[in-house]
Amino acid sequence: MTVGTTGPVAASQPRPGGAGNRIVVGGAVLTWEELPDPALPAPAAVLAHSARDALAAARHHAVHGTELLLGTDGRVDATLRAELRDAGFTLTDLADGQTQGTPPTRPRAAEPGRLWLLTSGSTGRPKRVGHTLGSLTTVRGDQPARTWLCPYAPGTYAWWQVVTLSLTQPGQDLVVVEPDQLDDWPALAATHGVDAASGTPTFWRRSIYADAAALARVPLRQITLGGEPVDQAILDQLRELFPAARISWIYASSEVGASIVVHDGRAGFPVEWLDRPAPGRPTLSVRGEELVITSPYHGAGLDGPVRTGDRVQVVGDRVLITGRLDSDEINVGGSKVSAGLVRDVLTAHPGVAWARVTGRRAPVLGRMVVAEVVLHPANGDGSVPPDEAALVRWCADRLPEHAVPRRIRVLPEIPVKETLKSDV
């Protein structure tokens, strides 16, 4: 599926505003201007073989306006490759600044200035959503000087959010985490003075689980979370590690852009933000239990209200995003259970580092609630990691009887996909 556009798209400025910013990638320290400028066809679907190649493709687009879809081998399977060629893209492998292209099966004229993003595919096969460098650049105006960590997979919406900030704004340096550095990135970050980092809740949980002491040595002043539901437990853990940092969670997607930004340290967003239109700002609504957003940062052809597919619940004065509509609700004997809210109860246990909650077929009830957890390692203070019975009791004290997990399995490590989201 493709979200299309009508009319011409203006090309970007010849010299990006952040062209002189420092970049640390692949063991090298350089600036945006010092990246190679690969020869790219138009339109190009670029499969970058390294983080450096991905940054070079992004800079090429900013300078030349070449129509571009950027991704990696891991996100583009054989079927999607064929679909891209059929949509008029030259499939372009980019390695060490050198390109090797496979021509489109249905050539078409290029659309200068257009950037294409692949959605995460959580509702099925990935679809293409059209943007421009301008619609992806949601941080504007004077910004305090920062050195940002970028752990995201190239070409994802979250990757573009960090990259466009460094590419367009002076004083925003960038340290890129390669896939093989995910488990020990705090050492890299501390070496290069990273003071701002963006990651999914899974990314932050894995970092705390791996070595909380090493993480605390990174001089972070800005911490950003997004890409998955953000619960109170991970916000509280980060606040304990970084009491002086600003901690923000962002709701963003390829379809509606960055639409919700919360800085108050609480999960969810204030109820009073609902149905409050303001010029230049997204309008947030709830239809049934689904979050609906009208955003000025939307993808091409997606103006007006967009149904996000995310389930929300109003709890007190907050609107909580609990998960996807198609997976969050578990029907237990006719009673609705939010998998996300049960997950939040489990992760609130001090011994639980991560949790996943699903429904399983069961006689009589139809479905029952089950969970998988990763426990924090013993910390030497004499505390004993909770067993299944202890976690069931914890849930029973906080949830209605039908929502209490009947089975809880302990996993050896926190699962993660290339997108830095849990394998759920």
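Which helix gives the largest share of the lining of the largest cavity? In this predicted model, that share, 3 residues, comes from helix H6, which spans residues 201-216.

**Cavities**

| Cavity | Volume | Lining residues |
|---|---|---|
| Largest | about 50 Å³ | Leu182, Trp185, Phe203, Arg206, Ser207, Val416 and Leu420 |

Sorted by class, the lining of the largest cavity has 5 nonpolar residues together with 1 polar and 1 charged residue. For the second largest cavity, the lining is made up of 5 nonpolar, 1 polar and 1 charged residues.

**Strand S19 and its partners**

Another part of the model to look at is strand S19, which covers residues 306-315 and has 7 of its 10 residues buried, so the strand is largely enclosed by the rest of the structure. Strand S18, made of residues 290-294, runs antiparallel to S19 and is joined to S19 by 3 bridges; Val292, for example, has Arg307 in S19 as its bridge partner. Strand S20, made of residues 318-324, also runs antiparallel to S19, and here 6 bridges join the two strands, with Val315 having Arg318 in S20 as its bridge partner. S19 and S20 form a hairpin with 2 residues between them, and Gly316, which lies in the turn, has a positive phi of about 65°.

Key
Residues numbered from 1 in each chain as written. Predicted model: local features only at pLDDT ≥ 70, side-chain atom pairs only at ≥ 80, totals over all residues. Heavy atoms only, no water. 1 Å grid on protein atoms, 1.4 Å probe; cavity = no way out; pocket = protein on both sides within 12 Å on 5 of 7 lines; lining within 4 Å. Points joined across faces, edges and corners; volume = space filled by probe spheres on them. Helix = DSSP H or I, 4+ residues; strand = E, 2+ residues; numbered from the N terminus. Nonpolar A, V, L, I, M, F, W, Y, C, P; charged D, E, K, R; others polar. Buried < 20%, exposed > 50% of the residue type's maximum accessible area, 1.4 Å probe, protein only. Pairing = 2+ DSSP bridges.
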